[in-house]
Structures are given as C-alpha cells and as structure tokens.
Amino acid sequence: MLKIGVLGAGHLGKIHLRLLQQSEKYELVGFYDENLENGQKIEKEFGYKQFKTIASLIHAVDVVDIVTPTLSHFKCAKVAIKSGKHVFIEKPISNTVEEALEIIALAKEYNVKGQVGHVERFNPAFIATKNMIENPMFIEAHRLAEFNPRGTDVPVVLDLMIHDIDAILSVVQSKVKNVSASGVSVISETPDIANARIEFENGCVANLTASRISMKNMRKSRFFQKDAYISVDFLEKRCEVVKMKDAPEVPGDFDMILQNAEGVKKQIYFSNPDVAQNNAILDELNSFADAINNNTTPVVTLEQATEALSVAYQIIDCFNKQ
C-alpha cells in the first residue's frame, strides 16, 4: 500500500482524510494543517496523526495529497516533488499558469506522477455518457450554486466554472481558437457570476455559465452533436440521450417520428443510461494509486489541468477588459 499524507485539513481536507482511511490502496499516515489548533481538534476527534511541519509529513509518505487553499498549491507541490513524492493536487492545479508549468517541469525532472482533482471526470453520470459524446459541435453548461463564503477568495471561474472547462476540454478533440466572456461582481471583490463562450478550431462552440449567488443549485451540461443530444446532470447524477435515426418505412404505433421541410423522416430514440453510483473523490484518489502502481498515465494529468487553468485565465482576462 502507498503511504499518503494530506496537506490541509479544512472542509475538503477532512473529506479526503475520511476517504483515504477507507481506501484499500493507501495507508493514511497523517496530515498537516497550518492552523495547529484546528489540527489538534481533528486529531482528537478522528484519531488522524497530526504532523507539526510540512517537511516531517512529506518525509513519512510516498504520496502527498494537497488540499490547501489554491494560493499555496505551488509551494506545497514544489516541496513535495523535490522530495521525490508523487502529488495529488486539488483543483485548480495552482494559482497561475506559470506555476502550473513549473510543477509539470519539476514532476518530469524528479520522475514523479501528478494528478489534479477535477472530480467531475469521475462523476458517474459523466462516466456513463462520455463514450457517447462524439464530436460535439455545441455545448451548454450551467453550474449554479447558492452563496457560500468559502471559495470567494477567487473568481467564480476558478471556483466553479473550471469544472466544466476541464470536462469540455476532455471531450472536444480540438484546440481552443477564441474565448469571450463577461462577469459581474455582486457580493465579492471578484466576479460572482460569469458567462463564457469558448470557440474551438473544429467549429465547436461551448457556452458556459457559472454563478455562486443563485437561489438554487444546478450542475448540468448539454452536448449537441450530429443526430444526438446528450444531457448530463452532475448534481442529480442522471443523464439522458436523445438520438435521431432514419425512420422505418412502416413505423410502429408508438414510434416518435419527425419530418422536416424536405420530407425526410427521422425517428427519435430516448434512453437513460445506467448510472453506477460511486464516491467520485474516493475513485479519483484510488485511480491515482493505480497510475502510480501500474506506471500508467493519471486520468487527469498535470498538463490537462494546466490547459483548463489557461482557458480559465483567458476568461478572467476578458473581465479585466470590461
């Protein structure tokens, strides 16, 4: 089993600690949190070993799970990698693209693996439909959340929208051609609601909306491609696939047939693929263990996470031009 330690024991860090203790692929060695008083409470309540310094934790493990605020991702990753440790980094990979590129270079230099916590890649509704998403030409994503002070230290693009940016980049096999966006700061110092349009070289267009001041939560994406429409509800973990095929010469009584102006008839098929329930965070952590043990490429690479961060900053640059 791989020995793993967690840096950061806030809301998400505590979730990681609990799941890593359940995992059959890791031995949870302990954690470090810069708030030593908070760490003592967690150690007393849950029994996880608290390390007093980052260095002492890193020295005791094979893998470092970085669940600290985004601003410290780079510093933590740099120390861990230079100590020859594999790193799992919560999203976004770092605070800047320049930092992310240095993390990539260091991981190559010290021959360690890295994975980034873009957890929606492991959402069971996305997994159930990903192989059906083929050359989408229009994508619409809505990620709306009720207000929560946690996360407002960064723009909503880095807090919420980056999930959809990463998911979209993983299914569109083309380079980004152009980005346009607008954002509004309502409560925070940075935009709380944003809309972005990403155009790809192959003609695909993605329209993304993210808000952290909504009255209700929504995490839904729709993928439109030739003869098919695929809807993925990341929040409810449901999906729907609507396909169009040439209509049979003699349709059944309950067949749904559409006829266009040219007289071409199409039959509509509805399906709801089976969605296997899972714990996406545990699955992403376990998948990283598999990548290390089998010397394979992680599901969400440092390079892919850097590309998502780069697009996120292109969107943020649009705000600065408003």
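The paragraphs below lead through this predicted model, from its domains to individual residues. In this predicted model, local features require pLDDT of at least 70 and side-chain atom pairs count only at pLDDT 80 or more, while totals for chains, interfaces and linings use all residues. Residues are numbered from 1 along each chain as its sequence is written, and side-chain values use heavy atoms, with hydrogens and water left out.

The chain is divided into domain 1 (2–112) and domain 2 (121–275 + 310–320), with bounds taken from an automatic or database domain assignment. Six residues from domain 1 and seven residues from domain 2 take part in the contact, where contact means heavy atoms within 4.5 Å. The C-alpha centres of the two domains are 31 Å apart.

Between domain 1 and domain 2, about 620 Å² is buried, and carbon and sulfur atoms give 63% of this area. Buried area is the accessible area (1.4 Å probe) that two parts lose on being put together, summed over both. Two residue pairs are in polar contact between the domains, both at pLDDT 80 or more. A polar contact is a pair of N or O atoms within 3.5 Å; within protein, one must be able to donate a hydrogen and the other to accept it, and residues adjacent in sequence count only if both atoms are side-chain atoms.

Side chains of opposite charge can pair when their charged atoms come close. A salt bridge is a side-chain nitrogen of Lys or Arg within 4 Å of a carboxyl oxygen of Asp or Glu. The interface of domain 1 and domain 2 has zero salt bridges, whereas the whole structure has nine. Helices (H or I, at least four residues) and strands (E, at least two) are DSSP runs, numbered from the N terminus.

Two backbone features remain. Most residues other than glycine have a negative phi, and most peptide bonds are trans. Lys91 and Pro92 are joined by a cis peptide bond, with omega about -10 degrees; Pro92 lies in the loop between strand S4 (86–90) and helix H5 (97–109). Asn111 has a positive phi, near 55 degrees, and is placed in the loop between H5 and S5.
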